[in-house]
Amino acid sequence: MLEYTDVEDETFDEMEQYGRVTQVIAPRPSKNYVPGQPFEPGVGKVFVRFENIQDAEVGKKAMSGRRFEGRIVGAHFYPEDKFKKGEFV
């Protein structure tokens with residue numbers, strides 16, 4: 001299993017092929033997380049911020065439907081205001 005920083009680094013490198021990436025965040029479980037319980041919203045997802053919308057569109061198209069660690073990637077746009085506030089769901 002990959003560590004969160006590994007996921008962020010690998011995602012950054014992959015997404016840089018499609019444009020200028022400014023930030024990658026893979027939300028982590030809170031310190032209060034109890035194993036066996038459902039994760040908090042956003043955990044298990046990766047959020048990528050591009051420098052501009054054109055690069056984001058190319059990256060979204062390239063990633064949508066791909067497989068990573070046996071899971072199918074669903075690429076979607078996310079509200080920038082929530083990203084800036086760190087509200088990942």
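## Close-up views of a predicted model

View 1. Glu 80 is partly exposed, with a relative accessible area of 43%. Here buried means a relative accessible area under 20%, exposed means over 50%, and partly exposed is the range in between, with a 1.4 Å probe and protein chains only. The model is predicted: local features need pLDDT of at least 70, side-chain atom pairs count only at pLDDT 80 or more, and totals for chains, interfaces and linings use all residues. Residues are numbered from 1 along each chain as its sequence is written, and side-chain values use heavy atoms, with hydrogens and water left out.

Arg 49 and Glu 80 form a salt bridge, with 2.7 Å between the closest N and O atoms. This pair links distant parts of the chain, 31 residues apart: Arg 49 is in strand β2 and Glu 80 in helix α3 (residues 80–85). A salt bridge is a side-chain nitrogen of Lys or Arg within 4 Å of a carboxyl oxygen of Asp or Glu. Helices (H or I, at least four residues) and strands (E, at least two) are DSSP runs, numbered from the N terminus. Lys 84 also meets Glu 80 in a salt bridge, at 3.8 Å from N to O. Both of these residues lie in helix α3, 4 residues apart, which is about one turn of the helix. Arg 49 is partly exposed at 26% relative accessibility, whereas Lys 84 is exposed at 58%.

**View 2. The salt bridge between Arg 20 and Glu 51.** The side chains of Arg 20 and Glu 51 meet at 3.7 Å, N to O. The two residues come from distant parts of the chain, 31 residues apart: Arg 20 is in the loop between α1 (4–15) and β1 (21–25), and Glu 51 is in the loop between β2 (47–50) and α2 (53–63). Arg 20 has a relative accessible area of 43% and counts as partly exposed. Glu 51 is exposed, at 53%. A search of the whole structure finds 5 salt bridges.

**View 3. Aromatic pairs.** A search of the whole structure finds 5 aromatic pairs. One of them joins Tyr 33 and Phe 39, which are stacked, at 4.7 Å centre to centre and 20° between the planes. Rings of Phe, Tyr and Trp (its six-membered ring) pair if their centres lie within 6.5 Å; planes under 30 degrees apart count as stacked, over 60 as edge-to-face and the rest as tilted. Tyr 33 is partly exposed at 23% relative accessibility, and Phe 39 is partly exposed at 46%. The rings of Phe 47 and Tyr 78 have centres 4.9 Å apart and planes at 65°, so this pair is edge-to-face. The pair links distant parts of the chain, 31 residues apart, with Phe 47 in strand β2 and Tyr 78 in the loop between β4 (71–72) and α3. Phe 47 is buried, with a relative accessible area of 8%, while Tyr 78 is partly exposed, with 24%. Ring pairs link Phe 47, Tyr 78, Phe 83 and Phe 88 into a cluster.

View 4. The largest nonpolar core has 7 residues: Met 15, Val 21, Val 24, Phe 50, Ala 56, Met 63 and Ala 75. The elements β1 and α2 each give two or more residues to this core. A nonpolar core is a set of buried Ala, Val, Leu, Ile, Met, Phe, Trp, Tyr and Cys residues joined through side-chain atoms within 4.5 Å. In soluble globular proteins, nonpolar side chains tend to be buried together.

Neighbours within four places in sequence aside, Val 21 is in contact (heavy atoms within 4.5 Å) with Phe 12, Met 15, Glu 16, Val 48, Arg 49 and Phe 50. Thr 11 lies in helix α1 and is buried, with a relative accessible area of 15%. Not counting residues up to four places away in sequence, Thr 11 touches Val 24, Val 46 and Val 48.

**View 5. The chain as context for the close-ups.** The chain has 3 helices and 4 strands, which run α-β-β-α-β-β-α from the N terminus on. Its C-alpha trace spans about 40 × 30 × 20 Å along the principal axes. Of the 89 residues, 24% count as buried. Among contacts between residues at least 6 apart in sequence, 53% join residues at least 24 apart.
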